[in-house]
Amino acid sequence: MRKLLGRLVLIGAISLGLTACSSGANSDENETIQVTTTIAQIADIVENIGGDKVKVESLMGPGIDPHLYKASQGDLSKLNDADIIFYNGLRLEGRMGDILNKMAEEKPTIPVAESVPSDLLLKAEGETDKMDPHIWFDISLWLYAVEEVKNTLVEEDEENAAYYEKNAEAYINELKELDAYAKEQIATIPPESRVLVTAHDAFQYFGEAYDMEVTGLQGLSTDAEFGLNDVRSIVDLLVERDIKAVFVESSISEDSINAVVQGAESRGHTVKIGGELYSDAMGAAGTETGTYLGMFRHNIETIVDSLK
Ligand code: ZN
């Protein structure tokens with residue numbers, strides 16, 4: 001008898017617990033759309049357009065290399081819990097392909113970079129069939145990603161369409177202003193010095209958009225080891241063109257860049273490390289460079305200061 005009573009009490013407690021839980025969840029989660037993104041650049045778009053209607057989390061924080069990133073157990077639950085998933089695509093998240101494909105069967109899972117018309121994409125360095133995924137460094141291309149995020153939010157939450165449209169318009173205006181600022185600033189560097197040497201080829205689109213020659217030490221992906229030939233040819237370039245600075249990136253090691261600096265030194269040409277550029281990852285959340293606009297502006301100012 002006592003045992004039965006105990007069990008009844010237990011069942012009562014469980015069902016009470018369940019009721020409390022589900023009523024709590026209803027009030028909040030039904031109104032806010034949960035979004036999970038891979039890189040923080042995309043989370044920044046979602047935050048700006050989604051405002052308080054959307055809760056967004058990006059899997060990849062500062063200093064993370066998306067080419068090599070593998071989803072953790074915690075990431076899987078964030079992907080599972082999301083209403084919408086946005087990722088870059090064009091094989092940027094090379095090791096998350098399977099999990100993203102699987103998610104696409106269950107919920108809107110959108111590769112934002114794949115909305116860029118294919119004739120505007122550049123081939124990945126040294127590849128014939130792979131396209132370069134780093135489209136966020138040409139603002140005119142990134143606007144396609146912004147549009148894709150807005151369209152998806154409008155589709156999934158029509159009730160708030162006007163809100164998303166208005167936010168998107170304001171954000172697009174800021175991006176266009178930044179685009180004009182970037183063009184104007186880079187143009188102040190003498191044409192022969194407009195050479196950007198970085199450790200991996202994240203800046204091809206940047207070079208195209210803002211009229212800079214771009215050379216990287218490694219292949220497009222940080223997966224590849226850099227070779228001595230690459231170091232030698234870049235040292236030649238620095239000496240011949242009298243380039244004053246090379247750049248490190250937040251998401252990869254400085255070893256390759258240091259090899260170039262020492263190589264130039266041994267030929268009597270001083271090259272400085274022109275500061276850290278953000279390439280595949282942004283700065284810490286809550287700081288200036290933790291936003292897309294701040295990160296981009298930081299890159300422009302770092303490049304102009306070092307090469308002018
Ligand atoms: Zn990259």
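Reader: What makes Val246 count as buried?

Author: Buried means under 20% relative accessible area, with over 50% called exposed and anything in between partly exposed (1.4 Å probe, protein chains only). Val246 has a relative accessible area of 0%, so it is buried. Keep in mind that this is a predicted model, where local features need pLDDT of at least 70, side-chain atom pairs count only at pLDDT 80 or more, and totals for chains, interfaces and linings use all residues. Residues are numbered from 1 along each chain as its sequence is written, and side-chain values use heavy atoms, leaving out hydrogens and water.

Reader: Which residues does Val246 touch, beyond those up to four places away in sequence?

Author: Val197, Leu238, Ile257, Val260, Val261, Val271, Lys272, Ile273 and Gly274. A contact here means heavy atoms within 4.5 Å. Val246 itself lies in strand β7, residues 245-249; helices (H or I, at least four residues) and strands (E, at least two) are DSSP runs, numbered from the N terminus. Thr198 is 48 residues from Val246 along the chain, yet their C-alpha atoms are separated by 6.2 Å.

Reader: Asn299 is in a helix, α10. Is Asn299 buried or exposed?

Author: Buried, because its relative accessible area is 2%. Asn299 touches Phe137, Phe203, Glu276, Leu277 and Tyr278, leaving aside residues up to four places away in sequence.

Reader: Why is α6 called roughly parallel to α10?

Author: The axes of α6 (residues 161-186) and α10 (residues 292-307) come within 10 Å and cross at roughly 5°. Angles under 35 degrees count as roughly parallel, over 145 as roughly antiparallel, 65 to 115 as roughly perpendicular and the rest as oblique. That is why α6 is roughly parallel to α10. The contact involves residues including Tyr171, Leu175 and Leu178 of α6 and Phe296, Ile300 and Val304 of α10. By class, the residues of this α6 and α10 contact are twelve nonpolar, one polar and three charged. Ala, Val, Leu, Ile, Met, Phe, Trp, Tyr, Cys and Pro count as nonpolar, Asp, Glu, Lys and Arg as charged, and the others, Gly among them, as polar.

Reader: And what makes α2 oblique to α6?

Author: Their axes are 7 Å apart and pack at an angle of about 125°. Axes are lines fitted to C-alpha atoms, for helices over the stretch in contact, and angles run from 0 to 180 degrees between N-to-C directions. The angle makes α2 oblique to α6. Asp44, Ile45, Asn48, Ile49 and Gly50 in α2 meet Tyr163, Tyr164, Asn167, Ala168 and Tyr171 in α6. That set divides into six nonpolar, three polar and one charged.

Reader: How do you know that α2 is mostly covered?

Author: Nine of its eleven residues are buried, among them Ala40, Ile42, Asp44 and Val46. The cover over the buried residues of α2 includes β1 (33-39), β2, β3 (84-87), α5 (139-156), α6 and α10. Just after α2, Gly51 takes a positive phi of about 50°.

Reader: How much of the whole chain is buried?

Author: Buried residues make up 49% of the 308 residues. The chain has ten helices and eight strands. Among contacts with a separation of 6 or more, 69% are between residues 24 or more positions apart.
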